[in-house]
Amino acid sequence: EERFSLVERVKEEGRERIRLKGEGEILEVELFSHEYHRHPPLIFIHGLGITERKKNFLIHSFSPLIKKGHPILFYTLPGHLSRGRGRKRHIWKMKDEEFLQFFVQSVKEIRGIMSWSGGEEFDILGISMGGMIGMITMALDKRVRKGVFLLTGGNFEKILWRGIMRFIIPKDCDRMTCQKLHLRYHEILDK
């Protein structure tokens, strides 16, 4: 997991923008909460293709949960929203090895955020790609007590080679070579 130190914490009504410095770029996490917390934080992990408009809609949708004492930590995946500006390669153009590193980086960051916050229990809500990353995080970290995964596939190799994604994400290896690469998910689980 990545270790973070606080760079800046800005409180607004119902929202905190938290900027953390780790090994790489500065990471911004947003915490949406009411005055009291009756439940462990819910880490929200969006899917690919998130926009500010979709993010605002999702946050608005979480209002009833927030009012009932569920704090929401909004984690932005690498290459998305403010983290997408100035990147060398867009997520849709990543080579297979880069995509694997995207998963590794995301899981390390989420676990690092959990450690930085000092919480003992967390829940995760992931949509699509965010659900895959949430599942991996949940498998690795006992602090995650519950997971809700929406529109989430479970076998990324099949998604890439048999689903509609095969037409969207370019592959830089033949099927057998890629299959061996996808078997390396154990490396993530063993760290």
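The sections below cover the basis of the model, the chain as a whole and the sheet.

## Basis

The model is predicted: local features need pLDDT of at least 70, side-chain atom pairs count only at pLDDT 80 or more, and totals for chains, interfaces and linings use all residues. Residues are numbered from 1 along each chain as its sequence is written, and side-chain values use heavy atoms, with hydrogens and water left out.

## Chain overview

The protein chain has seven helices and seven strands, in the order β-β-β-β-α-α-β-α-β-α-β-α-α-α from the N terminus. Helices (H or I, at least four residues) and strands (E, at least two) are DSSP runs, numbered from the N terminus.

Of its 191 residues, 43% are buried (under 20% relative accessible area, 1.4 Å probe, protein chains only). The protein chain exposes about 10,800 Å², with 54% supplied by carbon and sulfur atoms; areas come from the Shrake-Rupley method with a 1.4 Å probe.

## Sheet

The seven strands form an open sheet with mixed pairing, ordered β1-β2-β3-β5-β4-β6-β7; two strands pair if DSSP finds at least two bridges between them. β1 and β7 (144-150) stand at the edges with a single partner strand each, so one side of each lacks a neighbour in the sheet.

## Strand pairs

β1 (residues 5-12) and β2 (residues 15-21) run antiparallel and are joined by seven bridges; Leu6 has Leu20 in β2 as its bridge partner. Two residues separate these strands in a hairpin, and Gly14 in the turn has a positive phi of about 75°.

Strand β6 (residues 122-127) runs parallel to β7, with six bridges. Asp123 has Lys146 in β7 as its bridge partner.

Terms used
Buried means under 20% relative accessible area, exposed over 50%, partly exposed in between (1.4 Å probe, protein chains only).
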